[in-house]
Amino acid sequence: QEWKGITFTQARKKPYFYVALICTFLAGLVLQGINGIASAHMKDVGLDTGYIATVLSTHSLALAAFKFLTGILYDKFGGRKTMLLCSITATVVTAALALITPSPTGQILAMLYGIFSSLALPLETVMLPLMTNDLFGSADFDHLLGFFVSFNTAGYAVGNPLVNLCFDALGTYVPILCVLSAVMLLVTVCYQLIFVQAARDKVKILSENHSA
């Protein structure tokens, strides 16, 4: 049976709708927060300016490739597994950014951040409409997507000022990066629980429609 989804009125009665909005806000906060200060942090911990430029160039190239890869992964494995991969990547690269030092190991971590942060960023672009459709269907897709885009953008607005405020207070980005990595780990777990509950609701609704 074709899954038409649920309306906004029905969605707002579901607790996981609000959890998903909060997770979307936090993902935007974390990803834009770290992306906005990555270059400054690498310079602050002592990496060479030329090497930082190489890392950022690699990041830009990888971003184009990983957006296509995200779509391929979604087609092959579905939304839940793709969200898991992107979210775990976001958690790991945030932690890697916090651990960067001017040593050879730190340079490797910086390059790994530059490459794989590009796999995390589709959480706030490619995956937003795909996630919305997976969780709630097409019945009220535009309305629901608007909420998720708005919450994600609000996360953008908060992320950079918050991270820079912490730097002004502490003199280093490391503590806030550790906190953001932990936040992203929590978001990863919550996204998985959201997908599980939404799948259960979908089965229940299809069963009720079939019975009717």
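What follows is a set of stops to select in turn, and keep in mind that this is a predicted model.

**Stop one: a salt bridge.** Select D201 and K14. Their side chains meet in a salt bridge, at 3.2 Å from N to O. Zoom out and you'll see that the pair links distant parts of the chain: D201 belongs to helix α8 (residues 174-211), while K14 sits in the loop between α1 (8-11) and α2 (15-44), 187 residues apart. Color by accessibility next: D201 is buried, with a relative accessible area of 13%, whereas K14 is partly exposed at 23%. The salt bridge count for the model comes to one.

**Stop two: a buried charge without a partner.** Now pick E124, in the loop between α5 (104-120) and α6 (127-136). Which side chain of opposite charge is nearest to E124? That's K67, but it is 8.1 Å away, so with a 4 Å cut-off the buried E124 has no salt bridge. Show what surrounds E124: leaving aside neighbours within four places in sequence, its contacts are A27, G28, L31, Q32, N152 and Y156.

**Stop three: along α6.** Select M127, L128, M131, T132, L135 and F136, the buried residues of α6. They lie on the same side of the helix, because they cover an arc of only 130° around the axis. Step past the end of α6 to G137, where phi is positive, near 80°.

**Last stop: the surface.** Switch to a surface view and select L84, I88 and V92, a nonpolar patch with about 230 Å² of accessible area together. I88, in helix α4 (residues 79-98), is partly exposed, with a relative accessible area of 40%.

Conventions:
Residues are numbered from 1 along each chain as its sequence is written. This is a predicted model: local features need pLDDT of at least 70, side-chain atom pairs count only at pLDDT 80 or more; totals for chains, interfaces and linings use all residues. Side-chain values use heavy atoms; hydrogens and water are left out. Helices (H or I, at least four residues) and strands (E, at least two) are DSSP runs, numbered from the N terminus. Buried means under 20% relative accessible area, exposed over 50%, partly exposed in between (1.4 Å probe, protein chains only). Lys and Arg count as positive and Asp and Glu as negative; His and the chain ends are not counted. Contact means heavy atoms within 4.5 Å. Patches are made of residues with over 30% relative accessible area and no salt bridge: like charges are joined within 9 Å, nonpolar side chains (Val, Leu, Ile, Met, Phe, Trp, Tyr) within 5 Å. Accessible areas come from the Shrake-Rupley method with a 1.4 Å probe; for residues, only the protein chains shown count as cover. The arc is that of the directions from the helix axis to the C-beta atoms.
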